[in-house]
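Hi,

Here is the structure I said I would pass on.

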Amino acid sequence: MPDPAEPAPARLQDVTVWDPLLRLTHWSFPLLIPAMWWTAENSKWALHKRLGLVLLGLLLFRVVWGFVGPETARFSHFVKGPKAVLAYLRSGEGGPAIGHSPLGGWSTIALIGAMLVQVSLGLFAGDPFDGMTGPLNPLVGVMVADTITEVHEAFFWVIAALVGLHLAAITFYAVKGDDLLSPMVGGDRPPMEGVAGIGPMPWVRGLLACGFAGGVALWVAFGAVPLT
Amino acid sequence: MSRMSAPRLIFAAALATGLAACSGGSSSTDEAPSAAAPLEIKERQDNFEAIGDAFKAVRGELEKDAPDFALIAARATDINGRAQRIEALFPVGTSTGDGFKTEALPTIWQKPEEFKAASRKLVDESAKLASLAGGGDKGAVGAQAMAMGGACKGCHDQFRLDDKK
C-alpha cells in the first residue's frame with residue numbers, strides 16, 4: 001500500500017484475468033445445468049435435448065479454447081503435476097500469478113470432464129419406442145442405450161457434487177479474502193505489481209473456435225453421419 | 001480492502017439464493033402434486049414400465065445373431081398378461097386434467113371404445129409374438145415385435161401426453 005500522504009503515482013491498472021468468451025461459457029453453465037435438471041424432472045424432453053446440444057457446443061468450445069485461447073484459458077497453463085498440487089496445498093504457493101491455481105486447475109478439468117461425460121451419455125440415451133432419444137441413440141443397441149440412460153440419470157449427482165465442491169471452494173477463498181467471483185464476472189482483478197494480465201482478446205481465433213465447436217455440435221445433433 | 005466488500009456481498013447473496021434453490025428443488029421432486037393420488041396411477045405406471053422393459057429385452061435379443069427365442073416368448077407372455085390389466089387401471093378422474101402426475105390424456109375417457117380397442121391390440125399382438133417366438137424364425141419374430149411396438153406407439157400417439165414437446 002502506498003503512503004496515503006503522498007499523491008499516488010500513475011494508478012496501476014486492473015489486471016485482466018479471464019477473457020470474455022471464457023466468462024460467457026462459464027456463466028452459461030450455472031444457467032444450463034439447473035435447466036437440464038428441471039427439464040428432465042418435468043419431462044420437457046425436446047427442450048432437454050436442445051439445451052443439451054447447446055451445452056455440448058459450449059463444452060467443445062471450452063476444450064478448443066484450452067488450446068488456442070488466451071494464457072489463462074489454456075490447459076498447458078493450469079494443468080500441473082501432483083508435485084505442484086501438493087506444494088500448493090502445503091504452502092499456498094507455486095501457482096501462476098493469475099488464473100487457475102494448481103488445485104483449481106484440476107477442479108476445472110473435473111468439472112469440464114464430468115459435464116462432457118454427462119452430455120455424451122445423453123447423446124445415446126432414451127428409447128425410440130418411449131419418448132425422446134439422443135441424436136446418437138441409433139448407433140447403440142437397445143440394451144446398451146438402456147444402461148446408458150440409467151447411468152446418465154445417476155451421473156447427475158456426480159455433477160451436483162462437483163458443483164457443490166466448486167461453490168464451497170469459492171466460499172473458502174472468499175472468507176480468506178480472496179475474491180474469485182469478481183474477475184469471473186468482470187474479467188479483471190485489482191492491480192498486481194509486475195503482472196500484465198492476458199492482453200487483448202484474440203477475437204478471430206475466438207470466432208474460429210466458436211465456429212468449429214458449433215459445427216461439431218450441429219453435426220452430432222444430426223446423428224454424426226460420416227462426412228465422406 | 002474496502003473494494004472487496006461489494007463483490008463479496010453479491011457473492012454471498014448469489015450463493016445463498018443458489019443453495020436455497022437447490023434445497024427447495026431437491027426436496028420436492030418426487031412428491032405427488034396433490035394428496036392421495038389414486039393407487040391405479042402408480043400401478044399402471046409400474047405396469048407400463050414393466051411392459052417397456054420386457055419389450056426392450058425382446059429387442060435386445062433380436063439384435064443378437066442367435067436370439068434366445070424362449071426368452072422372447074416368455075417376455076411376450078409377460079407383456080400379454082400386463083396388457084390385459086391396462087383397461088382396469090384407468091378409473092375416471094385420473095387424467096392429466098385432474099391434477100395428478102400422469103401422462104394419461106382425458107381422451108381416454110372421451111373415447112373409451114377406442115382406448116379399449118388400443119389396449120386389446122397390444123393383447124393380440126403380444127399373443128401373436130409369444131406364439132411366433134416358438135417357431136424360431138428371426139425375421140418373422142422381428143417383424144411381429146415391430147408390429148407389437150406399433151401397438152404401443154399407436155396408443156401413445158392418441159392417449160398419452162406428448163412429452164417430446
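A definition to start with: a residue is called buried when its relative accessible area is under 20%, exposed when over 50%, and partly exposed in between. Keep in mind, too, that this is a predicted model.

With that cut-off, 40% of the 228 residues in chain A come out as buried. For chain B, the buried share is 36% of 165 residues.

Chain A

Chain A has eight helices and two strands. Going along the sequence, they are arranged as β-α-α-α-α-α-α-α-β-α. If you take the contacts in chain A with a separation of 6 or more, 70% of them are between residues 24 or more positions apart.

The helix pair I'd look at here is α2(A) with α8(A). As a reminder, two packed helices are described by the angle between their axes and the distance between the axes. For α2(A) and α8(A), the axes come within 8 Å and the crossing angle is roughly 140°. The two helices are therefore oblique to each other, and their crossing is right-handed. On the α2(A) side, the contact is made by A:L53, A:L56, A:G57, A:L60, A:F61, A:V64, A:W65 and A:V68. From α8(A), the contributors include A:R205, A:G206, A:C210, A:F212 and A:V220. Sorted by type, the residues of this contact are 15 nonpolar, two polar and one charged.

Two backbone angles in chain A are worth a click as well. A:S43 is not a glycine, yet its phi is positive, at about 55°. You'll find A:S43 in the loop between α1 (20-41) and α2 (45-68) of chain A. A:A224 also has a positive phi without being glycine, with a value near 55°. That residue sits in the segment after α8 (203-221) of chain A.

Which of the categories, buried or partly exposed, does A:S43 fall into? At a relative accessible area of 23%, A:S43 is partly exposed. A:A224 has a value of 18%, so it counts as buried under the 20% cut-off.

Chain B

Chain B has six helices and zero strands, which gives α-α-α-α-α-α from the N terminus on. Chain B exposes about 9200 Å², with 59% of that supplied by carbon and sulfur atoms. Among the contacts in chain B with a separation of 6 or more, 72% come from residues 24 or more positions apart.

The pair to open here is helix α2 (residues 39-62) and helix α3 (residues 69-86) of chain B: their axes come within 9 Å and cross at roughly 155°. That angle makes α2(B) roughly antiparallel to α3(B), since the cut-off for that class is over 145 degrees. The crossing of α2(B) and α3(B) is left-handed. Residues of α2(B) in the contact include B:E43, B:N47, B:F48, B:I51, B:F55 and B:L62, while α3(B) brings in, among others, B:L71, B:R75, B:D78, B:I79 and B:R82. By type, the residues in this contact are 13 nonpolar, one polar and six charged.

Over to you!

How values were computed
Residues are numbered from 1 along each chain as its sequence is written. Chains are lettered from A and ligands numbered from 1 in the order in which they are written. This is a predicted model: local features need pLDDT of at least 70, side-chain atom pairs count only at pLDDT 80 or more; totals for chains, interfaces and linings use all residues. Side-chain values use heavy atoms; hydrogens and water are left out. Axes are lines fitted to C-alpha atoms, for helices over the stretch in contact, and angles run from 0 to 180 degrees between N-to-C directions. Helices (H or I, at least four residues) and strands (E, at least two) are DSSP runs, numbered from the N terminus. Angles under 35 degrees count as roughly parallel, over 145 as roughly antiparallel, 65 to 115 as roughly perpendicular and the rest as oblique. A crossing is left-handed if the near helix is turned anticlockwise from the far one by less than a right angle, and right-handed if clockwise. Contact means heavy atoms within 4.5 Å. Ala, Val, Leu, Ile, Met, Phe, Trp, Tyr, Cys and Pro count as nonpolar, Asp, Glu, Lys and Arg as charged, and the others, Gly among them, as polar. Buried means under 20% relative accessible area, exposed over 50%, partly exposed in between (1.4 Å probe, protein chains only). Accessible areas come from the Shrake-Rupley method with a 1.4 Å probe; for residues, only the protein chains shown count as cover.
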